[in-house]
Each structure stands twice: as structure tokens, then as C-alpha cells.
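Please look at the sequence and the model first, and then read the points below.

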Amino acid sequence: MAQVFSPAAVLGLKLLWLGILAALIAAAVVYRVNARTDAPAFAAIEQPVPFSHKHHVGDDGIDCRYCHVSVETSAFAGIPPLATCMSCHSQLFNDAPVLKPLVDAYRTGAALSWTRVHDLPDFVYFDHSIHVNKGVGCSTCHGPVDVMPLTWRVASLDMQWCLDCHRAPEKYLRPADRIFDTRWEPPADQIARGNALKRSYHIRTERHLTMCSTCHR
Ligand code: HEC
Ligand code: HEC
Ligand code: HEC
Ligand code: HEC
Ligand code: HEC
């Protein structure tokens with residue numbers, strides 16, 4: 001039977017197919033790299049009043065604990081009551097349109113319902129005070145809130161995220177006087193310092209921290 005394609009043509013076709021395959025792989029790689037660098041982390045959450053951590057924390061330097069009063073003492077960090085806002089805004093910009101929902105709610109005694117940025121499922125137990133008192137700073141989990149005009153989430157909050165730290169907290173621990181510092185960065189010798197902090201904070205074993213009942217109780 002006569003050959004339909006000459007050996008040279010077959011080789012040419014094979015090379016063409018390989019070329020197309022290589023181009024597809026390259027395109028996929030380029031797409032993934034771009035997707036990773038361009039992807040916004042998590043979207044900023046719209047709120048009834050556009051509260052800005054950038055202005056209040058970044059520009060005005062108000063401490064986290066002024067508003068999140070229970071973060072060092074309880075599971076819940078605390079969301080400030082309107083009276084906390086009004087301690088300044090009863091005089092400051094109280095006639096500004098953006099503050100109208102706040103001022104109206106305060107006058108009528110209604111609640112202002114903030115939309116949650118972080119919300120773990122009910123079957124997960126989380127406690128702020130233990131983390132904050134044992135060397136885990138706010139920005140490790142919440143990022144630099146001092147640059148956020150509206151608050152957004154920086155961490156996935158999935159189980160792997162919790163476990164990554166519970167298996168090796170030395171990667172993240174910081175001195176007690178830097179917990180509220182939104183700009184803290186781990187130093188070059190973080191692992192050595194982190195291990196020393198692990199001893200001074202009396203951090204329990206990896207076995208304890210990764211037990212199911214630690215977070216599911
Ligand atoms: C002047 C008051 C005020 C100060 C100071 C303040 N916050 Fe907030 N924070 C709020 C209010 C109001 C909300 C609810 C609206 C929102 O999510 O932006 C909030 C929300 C948050 C949330 C998201 C809560 C959720 O719904 O999951 C985080 C995280 C947070 N603050 C961290 C911080 C940290 C860290 C600091 C200090 C560096 C800080 N805040 C300082 C008032 C404040
Ligand atoms: C310690 C005083 C103080 C407290 C407490 C305070 N604010 Fe403000 N707020 C300011 C100042 C100062 C500005 C002007 C912003 C700026 O340019 O730094 C401002 C501005 C604002 C604005 C205008 C938009 C903006 O960010 O410029 C909104 C909205 C606002 N605050 C909401 C709130 C809410 C909601 C609370 C309570 C959770 C609150 N503030 C608590 C001092 C305060
Ligand atoms: C180990 C990680 C971690 C650290 C450290 C941490 N947070 Fe959170 N934060 C979370 C998680 C997870 C949630 C969601 C909790 C939920 O849905 O039950 C949360 C929720 C919040 C909320 C919403 C109210 C609440 O308690 O659910 C505020 C406000 C907040 N954090 C502020 C802070 C501040 C201020 C600091 C530092 C003093 C801080 N957080 C440190 C992980 C952390
Ligand atoms: C960046 C590090 C880090 C992250 C992220 C983190 N944790 Fe922790 N967690 C710690 C450290 C450190 C302790 C204190 C351990 C100790 O006291 O021995 C702790 C303690 C706890 C405890 C108390 C354990 C006990 O037996 O008293 C619970 C519950 C907990 N974490 C839940 C969570 C959950 C749920 C998440 C994820 C949503 C999370 N943690 C994310 C570092 C972290
Ligand atoms: C350090 C805290 C922590 C520990 C320890 C932990 N979990 Fe979780 N687990 C979480 C969090 C946070 C979630 C919620 C994740 C989410 O919403 O995606 C979760 C979710 C789950 C889910 C639901 C999964 C899903 O896709 O909805 C199961 C099942 C689960 N965990 C089982 C376990 C078992 C079994 C262990 C012990 C081997 C364990 N967990 C240990 C934090 C923890």
C-alpha cells in the first residue's frame with residue numbers, strides 16, 4: 001500500500017503537535033503566574049457607615065483596644081458600641097452625610113449592623129485572648145489594617161491555615177510589646193527568636209495544638 005505521508009511529513013506533524021503542546025503548557029504557566037500576582041486577596045466589605053481603619057488607626061493612631069476592648073481578655077475581640085464612636089463624633093463631623101446613619105442610630109437607640117468580615121463556622125472554637133497573650137499579633141492574622149479604608153480579610157481561615165501555625169508557631173511569635181504593631185515583620189533570625197519565645201510563653205506541644213478537640217469541642 002502506498003504511504004499517505006512521507007516519513008519527513010510524519011516527523012513534521014509530530015514536531016508540530018509537540019510545539020502546540022509546549023505552547024499550551026507555557027500559556028497555562030503564564031496564566032497561573034499572572035492569576036497569582038494580579039488576584040486581589042479578598043474583597044473589602046461594604047458597611048452601613050464607611051468606617052476606615054486607615055484614618056482611625058493609620059492617621060489618627062487610635063489603639064485597637066480603644067474599640068476592640070475585650071480582645072485581651074475574652075474569646076471575642078468586641079465591636080465598639082456607637083457610644084465609643086460618639087465620644088469623638090458628637091463634636092467631630094457630626095453633620096457629615098457619611099456619618100448620618102451613625103448619628104441617627106445613636107439618637108434613636110437603634111443598632112448599626114456591621115457586616116462581618118471574618119466568620120468561622122459554629123463548629124470551630126476560636127479564642128482571641130489566648131493568641132494575643134501568647135505572642136500572636138493582630139497583623140499576623142488580620143494583615144495591616146492601618147492601610148484599609150474598608151476592612152478586608154487577608155487569611156483564608158481554613159483548617160490548614162490554623163494548623164500551619166499550630167504545628168510551628170515559632171515562625172510567627174513576637175515579643176509581647178509588639179502585639180498591636182500593625183507593621184511588625186519577622187526578623188532574619190525569627191526561628192531562633194520564635195523558639196525562645198515559645199519557651200517563655202510556655203506554648204504547649206504540637207500534639208496538643210493539633211488535637212481535633214482543641215478547635216472542635
Ligand atoms: C475607632 C475604633 C476602632 C479602632 C481604633 C480599631 N477598630 Fe477594628 N473595627 C472597628 C469597627 C467599627 C469595625 C466594624 C467595621 C469593619 O469591619 O470595618 C472593626 C472591624 C475590625 C475587624 C474585622 C471584624 C470582622 O467583622 O471580622 C478587624 C480584624 C479589626 N477591626 C481589627 C483591628 C485592629 C487590629 C485594630 C488596631 C490595629 C483595630 N481594629 C482598631 C473599629 C475600630
Ligand atoms: C478618638 C476619636 C474618634 C473616634 C473614637 C472615632 N472617630 Fe471617626 N473620625 C475621627 C477623625 C479625627 C476623623 C477624620 C478622619 C481623618 O481624616 O483622619 C474621623 C472620620 C470618620 C469618618 C469619615 C470618613 C473618614 O474616615 O474620613 C467616619 C465615617 C467615621 N469617622 C466613623 C467612625 C465610627 C463608625 C466610629 C466608631 C466605631 C468612629 N468614627 C470613632 C475620630 C474618631
Ligand atoms: C490567631 C489569629 C488571630 C489573631 C492573632 C487575632 N485575630 Fe481577630 N479574628 C481571628 C478570627 C479567626 C476571627 C473570626 C472569629 C469568628 O468568626 O468566630 C477574628 C475576628 C475578629 C474580630 C471580629 C469580632 C470577633 O471577635 O469575632 C475583631 C474585631 C478582631 N478579630 C480583632 C482583632 C484584634 C484587634 C487583634 C489583635 C489584638 C486580633 N483580632 C488578633 C483571628 C485572629
Ligand atoms: C499564627 C499562629 C496561629 C494561628 C494562625 C492560629 N493559632 Fe490558635 N494558637 C496559637 C498559639 C501560639 C496558641 C497558644 C498555645 C498554647 O498556649 O500552648 C494557640 C491556641 C489556640 C487555642 C487554645 C488551645 C487550648 O487548648 O487552650 C485554640 C482553641 C486555637 N488556638 C484555635 C485556633 C483556630 C481555630 C485557628 C484558625 C481559625 C487558630 N487557632 C489559628 C497560634 C495560632
Ligand atoms: C487549629 C484548629 C483546628 C484543629 C486542631 C482541627 N481543626 Fe478541623 N477545622 C478547623 C477550622 C477553622 C475549620 C473550618 C474550615 C472552613 O470553614 O473551611 C475546620 C473544619 C473541619 C471540618 C469540616 C471540613 C469542611 O470541609 O467543611 C472537619 C470534618 C474537621 N475540621 C475535622 C477535624 C479533625 C478530624 C481534626 C483532628 C484531626 C481537626 N479538624 C482539627 C480548625 C481545626
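How many residues surround ligand 1, and which are the closest? The shell holds 22 residues, and the closest are Cys64, Cys67, Val117, His118 and Thr151; a residue is near a molecule or strand if its C-beta atom, placed from the backbone, lies within 6 Å of it. The model is predicted: local features need pLDDT of at least 70, side-chain atom pairs count only at pLDDT 80 or more, and totals for chains, interfaces and linings use all residues. Residues are numbered from 1 along each chain as its sequence is written, while chains are lettered from A and ligands numbered from 1 in the order in which they are written.

**Overall architecture**

- The protein chain contains eleven helices and zero strands; helices (H or I, at least four residues) and strands (E, at least two) are DSSP runs, numbered from the N terminus.
- Read from the N terminus on, the order of elements is α-α-α-α-α-α-α-α-α-α-α.
- The protein chain has 217 residues, of which 11% count as buried. A residue is buried if 20 or more other C-beta atoms lie within 10 Å of its own, exposed if 12 or fewer, and partly exposed in between, with C-beta atoms placed from the backbone.
- Among contacts in the protein chain with a separation of 6 or more, 74% join residues 24 or more positions apart. Two residues are in contact if their C-beta atoms, placed from the backbone, lie within 7 Å.

**The shell around ligand 1**

- At least two residues of this shell come from each of helix H2 (53-59), helix H3 (64-67) and helix H7 (138-142).
- By class, the shell around ligand 1 consists of 13 nonpolar, eight polar and one charged residues. Ala, Val, Leu, Ile, Met, Phe, Trp, Tyr, Cys and Pro count as nonpolar, Asp, Glu, Lys and Arg as charged, and the others, Gly among them, as polar.

**The shell around ligand 2**

- Ligand 2 has 21 residues around it, and Ser52, His55, Asp59, Cys85 and Cys88 come nearest.
- Both H2 and helix H4 (82-89) supply at least two residues of this shell. H4 gives the largest share, with five residues.
- The shell around ligand 2 divides into 13 nonpolar, six polar and two charged residues.

**The shell around ligand 5**

- Around ligand 5 there are 13 residues, and those that come nearest are Asp158, Met159, Cys162, Cys212 and Cys215. Two or more residues of this shell are given by helix H8 (159-167) and by helix H11 (212-215).
- The largest share of the shell around ligand 5 is four residues, which come from H8.
- Eight nonpolar, four polar and one charged residues make up the shell around ligand 5.

**The packing of H4 and H5**

- H4 and helix H5 (100-108) pack at an angle of about 115°, with their axes 10 Å apart. Axes are lines fitted to C-alpha atoms, for helices over the stretch in contact, and angles run from 0 to 180 degrees between N-to-C directions.
- H4 and H5 are therefore roughly perpendicular to each other. Angles under 35 degrees count as roughly parallel, over 145 as roughly antiparallel, 65 to 115 as roughly perpendicular and the rest as oblique.
- On the H4 side, Leu82, Cys85, Met86 and His89 make the contact, and on the H5 side, Leu102, Ala105 and Tyr106 make it.
- The contact of H4 with H5 has six nonpolar, one polar and no charged residues.

**Residues in the loops**

- Phe93 lies in the loop between H4 and H5. Phe93 has a positive phi of about 55° although it is not a glycine, and it counts as exposed because it has 12 C-beta neighbours inside 10 Å.
- Val98 is also found in the loop between H4 and H5.
- Val98 touches Val49 and Pro50, not counting residues up to four places away in sequence. Val98 and Val49 are 49 residues apart along the chain, and their C-alpha atoms are separated by 6.5 Å.
- His202 is placed in the loop between helix H9 (190-200) and helix H10 (206-210). His202 has a positive phi of about 55° although it is not a glycine, and it is exposed, with 7 other C-beta atoms within 10 Å.
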